Amino acid sequence: MEMDLAKADNEIINNKAYDLLAERWYEAQDDPIALLRNQHKLEMPWILQTIERFIGRKSAKILDMGCGGGFLSNDLAAAGHHVSGIDLSDSSLKVAESRDHTHSVHYQIGDVYQVPFPDSSFDVACAMDLLEHVSEPQKVLAEASRVLKPGGLFFFNTFNKNQLANLVVIKSMEWFVKNTPDDYHVYSLFIKPNDLTKWMKETGLHDVEIRGIRPVFMQKGIWSLIRTGEVPRDFKFTFSKSPMIAYTGYAMKMK
């Protein structure tokens, strides 16, 4: 059964850490989730602009795979889109729903290996900060492609697989962010961009665009984080030409 894959993932990486966050999804500064919140602030305008450019309307049907506490889903709904969010963490879904000020997002328990929607249901599917948490990313990509309409967009964000990414994403987080759980990220699950592009094309996702994303290195927030173990609220990320540490992007399902 596909659900067994999700259980197997939890033996490799600590996905259960998200179950314990509760309101800390939105409030904690002494947890890696604060970095994810700030990274999302950079990505969100770009995601909305890309949807408008390719889908051409502000009421697209969007699936947020592994939606967690709802950062992406709720912002997409606030922008006027029709959003469904799936996750295996019931506690995270409750937080996401409580923070949905539009009261329009459809949240439900759902496995990204076996998405509970029919073929060609969505204009957009998103797997943001998800692919490095699963042991079979090709299966997740296949499900994203299946539920997308022809011409639909797939958004992704994950970590590159090299020693610089290992140092910045895993080691630095363990050293400097106070409440980093054990096995919050696992290097073996990181993905090289060329591999991800190949897997996407095998599932019918083409015209891939990738851009690097990283912290702004010359910022006061870095030193504040090192000194206090807490992520400053104004901690900044930036897009970069190089995907050496992390990367985000989109692909389009073949028409």
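This is a predicted model: local features need pLDDT of at least 70, side-chain atom pairs count only at pLDDT 80 or more; totals for chains, interfaces and linings use all residues.
Local features need pLDDT of at least 70 and side-chain atom pairs count only at pLDDT 80 or more, while totals for chains, interfaces and linings use all residues. Residues are numbered from 1 along each chain as its sequence is written, and side-chain values use heavy atoms, with hydrogens and water left out.

The structure holds 12 salt bridges. A salt bridge here is a side-chain nitrogen of Lys or Arg within 4 Å of a carboxyl oxygen of Asp or Glu.

Select Lys94 and Asp90. Their closest N and O atoms are 3.2 Å apart. Both residues belong to helix H5 (residues 90–98) and sit 4 residues apart, about one turn of the helix. Helices (H or I, at least four residues) and strands (E, at least two) are DSSP runs, numbered from the N terminus. Lys94 is exposed at 53% relative accessible area, and Asp90 is partly exposed at 40%. Buried means under 20% relative accessible area, exposed over 50%, and partly exposed in between (1.4 Å probe, protein chains only).

Next, select Asp123 and Lys149, a salt bridge with closest N and O atoms 3.5 Å apart. Asp123 lies in strand E4 (residues 122–128) and Lys149 in strand E5 (residues 148–159), so the pair ties together parts that are 26 residues apart in sequence. Asp123 is buried, at 7%, whereas Lys149 is partly exposed, at 27%.

Move to Glu202 and Lys198, which form a salt bridge at 2.8 Å between the closest N and O atoms. Helix H8 (residues 193–202) holds both, 4 residues apart.
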